[in-house]
Amino acid sequence: SVTKGYRIQIYSGPDREVAKATKISFMKRFPSIRSYISYEVPYYKVKVGDFKSRQEALELYRYLGKTYTSMVVPSLINNKIPPKVPSSNFDSPDTGASNAPADTTR
């Protein structure tokens, strides 16, 4: 089911191949974040994420601004899929390690 929310648009242009390449590049870099291509005459648009609030989308948006010309846009989102925003270190995979300080009292 869908609900109102936000996505981050990372491409808007007339070239379908560029849209596909942008989506593939994003998927390789962020495999845990869903991406979508739509066509609104005359533009293909690539949007990423399923965020319930603008604030949730802004965390990823701030990071993507370093790589993509992006903007947060209102969108219908998949509400059964929780948004998966990587930790603040976007370039390293989640190792499951805790960021808590080690117990050195032993």
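Reply: In this predicted model, 4 strands form an open sheet in the order S2-S3-S1-S4, with antiparallel pairing. Strands (E, at least two residues) and helices (H or I, at least four residues) are DSSP runs numbered from the N terminus, and two strands pair if DSSP finds at least two bridges between them. S2 and S4 stand at the edges with a single partner strand each, so one side of each has no neighbour in the sheet. On average, neighbouring strands are turned by 40° against each other, direction ignored; axes are lines fitted to C-alpha atoms, for helices over the stretch in contact, and angles run from 0 to 180 degrees between N-to-C directions.

Within the sheet, S1 and S3 run antiparallel and are joined by 6 bridges. Gly13 stands opposite Tyr44 in S3. H1 packs on the sheet, where it touches S1, S2 and S3, and its direction makes about 165° with that of S2. Contact here means heavy atoms within 4.5 Å. H2 lies across S1, S3 and S4 and runs at about 20° to S1.

The buried residues of H2 (residues 54-64) are Ala57, Leu58, Leu60, Tyr63 and Leu64. Buried means under 20% relative accessible area, exposed over 50%, and partly exposed in between, with a 1.4 Å probe and protein chains only. These buried residues of H2 pack against S1 (2-13), H1 (16-29), S3 (43-51) and S4 (71-78).

Tyr63 also belongs to one aromatic cluster, together with Phe26, Phe30 and Tyr68. The whole structure holds 4 aromatic pairs. The ring centres of Phe26 and Phe30 are 4.9 Å apart and their planes are at 35°, so this pair is tilted. Rings of Phe, Tyr and Trp (its six-membered ring) pair if their centres lie within 6.5 Å; planes under 30 degrees apart count as stacked, over 60 as edge-to-face and the rest as tilted. Phe26 is buried at a relative accessible area of 0%, and Phe30 counts as buried at 3%.

Elsewhere, the charged end of Arg7 sits over the ring of Tyr36, 3.6 Å from its centre; the criterion is NZ of Lys or CZ of Arg within 6 Å of the ring centre and within 35 degrees of the ring normal. In the loop between S2 (35-40) and S3 lies Pro42, and the peptide bond from Val41 to Pro42 is cis, with omega near 0°.

Residues are numbered from 1 along each chain as its sequence is written, and side-chain values use heavy atoms, with hydrogens and water left out. Local features need pLDDT of at least 70 and side-chain atom pairs count only at pLDDT 80 or more, whereas totals for chains, interfaces and linings use all residues.
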